[in-house]
Amino acid sequence: MNLTLDPPARQQFEPAALDEGWSELDALEAESVHILREVAAEHDTVALLFSGGKDSAVVLRLAEKAFWPQRVPFTLLHVDTEHNFPEVIAFRDHIVAERGHRLVVRSVGDSIRSGRVRLRHPDEARNPHQSVTLLDAIREHGFGACIGGARRDEEKARAKERIFSFRDEFGQWDPKNQRPELWSLYNATIAPGENIRVFPLSNWTELDVWHYIRRERIALPSIYFAHEREVVRRGTALVPVTSLTPPRAGETVERATVRFRTVGDITCTAPVESDAADLDAIVRETEVTRLSERGATRLDDQASEAAMELRKRQGYF
């Protein structure tokens with residue numbers, strides 16, 4: 001498995017020397033650490049959504065810093081569609097085993113087999129159905145708060161989200177029924193059955209994330225870096241050729257050098273053509289891009305302009 005280097009545990013949590021100055025990245029890190037500590041202070045049972053993707057890897061690093069030298073007081077939770085890239089699942093399991101975190105995996109496939117989720121046809125994308133599995137996991141474990149790696153720059157529905165986002169007893173999100181967050185004061189009070197979703201990367205951009213990954217030397221799945229892969233061109237998207245996404249009649253399979261800007265369900269995550277094989281090259285590439293990673297590569301978000309907001313209203317992260 002190809003991972004970036006991760007420094008020794010004690011070294012990775014040492015603060016920068018004061019004479020190095022206070023950068024914008026330091027300010028973002030400090031805000032996120034404050035948010036994570038607020039969650040821990042307000043709720044005893046908290047899930048940190050960890051898929052193995054770059055944003056969840058950054059949130060996990062921030063949590064490790066926030067509570068060092070104690071262990072992270074959150075349960076890692078992955079809502080698995082069973083249609084994930086194998087490199088990402090292998091990375092997820094490697095990080096959990098290496099660092100001794102507690103991981104709970106709940107599967108959309110199990111929700112389908114138990115009748116909790118019903119697909120309209122067998123080849124339907126499973127991403128929109130993650131809400132049911134997530135809400136079941138929240139009830140099963142009594143999570144009062146769930147921490148995710150979503151950022152406001154990703155998509156316009158996420159730009160409406162507060163850092164502490166209130167969800168009602170049905171797990172639903174109402175953008176008009178949110179709490180003020182003046183002076184970084186957060187209201188995490190909930191009634192039984194309600195839930196708070198927390199987004200410590202709200203004020204980060206994709207470029208901030210890559211700068212932080214480079215600075216902290218955070219390990220990532222290999223598919224974030226340039227590699228050769230069989231793809232077909234479908235509209236403006238490159239679709240990876242897999243058993244779940246075979247070429248359609250009339251499509252030509254080609255081998256291209258690509259990387260993934262975001263990772264998720266194979267059926268709705270497209271790579272981009274890129275020769276960026278290291279973090280410096282990815283930072284340079286991200287500095288000049290005009291499209292967010294979801295806008296460029298997430299096929300499920302392109303179904304309609306309201307696709308993400310509709311899913312969030314149903315309980316999606």
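Let's start at His83, which touches Arg126, Leu244, Gly264, Asp265, Ile266 and Thr267, leaving aside residues up to four places away in sequence. Keep in mind that this is a predicted model. Where does His83 sit? You'll find His83 in the loop between β2 (75–80) and α4 (86–99). And is His83 buried or exposed? His83 counts as buried, because its relative accessibility is 13% and the cut-off for buried is under 20%.

Now, over to the nonpolar cores. The largest one has 54 residues. Another core lies apart from it, made of twelve residues, and among them are Ala47, Val79, Val108 and Ala137.

What does Phe164 touch? Again not counting residues up to four places away in sequence, its contacts are Ile35, Glu38, Val39, Gln178, Glu181, Tyr186, Ala188, Ile196, Arg197 and Val198.

Last stop, friends: a sheet. This one is open, with four strands in the order β8-β7-β9-β10 and antiparallel pairing. At its edges are β8 (237–240) and β10 (272–273), each pairing on one side only. How many bridges join strand β7 to strand β9? There are five, linking residues 227–234 of β7 with the antiparallel residues 254–259 of β9.

Definitions and conventions
Residues are numbered from 1 along each chain as its sequence is written. This is a predicted model: local features need pLDDT of at least 70, side-chain atom pairs count only at pLDDT 80 or more; totals for chains, interfaces and linings use all residues. Side-chain values use heavy atoms; hydrogens and water are left out. A nonpolar core is a set of buried Ala, Val, Leu, Ile, Met, Phe, Trp, Tyr and Cys residues joined through side-chain atoms within 4.5 Å. Buried means under 20% relative accessible area, exposed over 50%, partly exposed in between (1.4 Å probe, protein chains only). Contact means heavy atoms within 4.5 Å. Two strands pair if DSSP finds at least two bridges between them. Helices (H or I, at least four residues) and strands (E, at least two) are DSSP runs, numbered from the N terminus.
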